[in-house]
Amino acid sequence: MKYIDIHTHILPGVDDGSGSMEETIMMLQAAQVQQIETIVATPHYIPGGSNLSVDALRERLEQVQAEAYKINSNMKLFLGNEIYYSDSIIEDLKAGKVLTIANSRYILVEFSPKDPEQHIYQAMSRLVRAGYIPILAHVERYRCFYKKEYLIHDLIEAGCYIQMNSRSLVGNLLDSETAYHRSLIKLGLVHLIASDCHDEKVRIPYMKKAAQIMTRKYDENLVNKILFSNPLKILGDKYI
Ligand SMILES: [Fe+2]
């Protein structure tokens, strides 16, 4: 079982993720332990912020890929962005200033945790109409959706896909948030699990543990889609 991690902050010195190549190497080693063989680097893109150029990101990715090969000759990295939504984002995408996931139509999009559901719905619908396939990053973080599953369902109906952080599944079931996160998977409202790893100590991958929990608890077909076929389709720019 080799996993695909489509949301990581593994590139050194570009955002609030890895601070150095040494740290990136430790994160790659952690990914190897977690049986992750394919990694999409998704550095934050903040509109109007001091974002590194796409060329600089590609250069950094190549350096990290060279280190990854030393750990596992099958480990492959791709590039994307985690895009903080603003109305100017479509312009930036069209200008090639911001990246889709591995050159596909899929984009990883985040909002402020306090944004209201109307804003998220309208923004994501706008991205769909512009020809992109938006993936909502860490769905569990937005307070407006908490225990209002129908709102997540509306987003899916509008053409969006939903990502949850692997760490959110790994917790005590007596904790109501963990129970809620797992219920979203069971309801089929999550298409992708990814690590959103930022370092090698606290925000680490946790893919293996999350996969174990899912395999134990949920329908095999659903688990296979979330862990394998959905991320593969994204990398191949195919419809989920
Ligand atoms: Fe992230």
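Predicted model: local features only at pLDDT ≥ 70, side-chain atom pairs only at ≥ 80, totals over all residues.
**Iron site**

Four residues coordinate the iron ion: H7 and H9 through NE2, E82 through OE and D196 through OD, at 2.1 to 2.2 Å. Along the chain these donors follow the spacing H-x1-H-x72-E-x113-D. The angles among the 4 donor atoms run from 82 to 171 degrees, and the site is irregular. A tetrahedral site would need all angles between 85 and 135 degrees, so the iron site does not count as tetrahedral.

| Residue | Relative accessible area | Class |
|---|---|---|
| H7 | 0% | buried |
| H9 | 0% | buried |
| L127 | 0% | buried |

**Helix 8**

Helix 8 covers residues 220-235, which is 16 residues. At 1.5 Å a residue the helix should span 22 Å, and its end C-alpha atoms are 22 Å apart, so the two values agree. Just after the helix, D237 takes a positive phi of about 55 degrees.

**L127**

L127 lies in helix 4, residues 117-129. Leaving aside residues up to four places away in sequence, L127 touches Y85, I89, I90, I107, V109, Y132 and P134. L127 counts as buried because its relative accessible area is 0%, under the 20% cut-off. Its C-alpha atom is separated by 24 Å from that of R58, 69 residues apart along the chain.

Terms used:
Residues numbered from 1 in each chain as written. Heavy atoms only, no water. Helix = DSSP H or I, 4+ residues; strand = E, 2+ residues; numbered from the N terminus. Buried < 20%, exposed > 50% of the residue type's maximum accessible area, 1.4 Å probe, protein only. Contact = heavy atoms within 4.5 Å. Donors = N, O, S within 2.8 Å, 3.2 Å for Na, K, Ca; no water. Tetrahedral: all angles 85-135°; square planar, octahedral: opposite > 155°, others 65-115°. Expected span 1.5 Å × (residues − 1).
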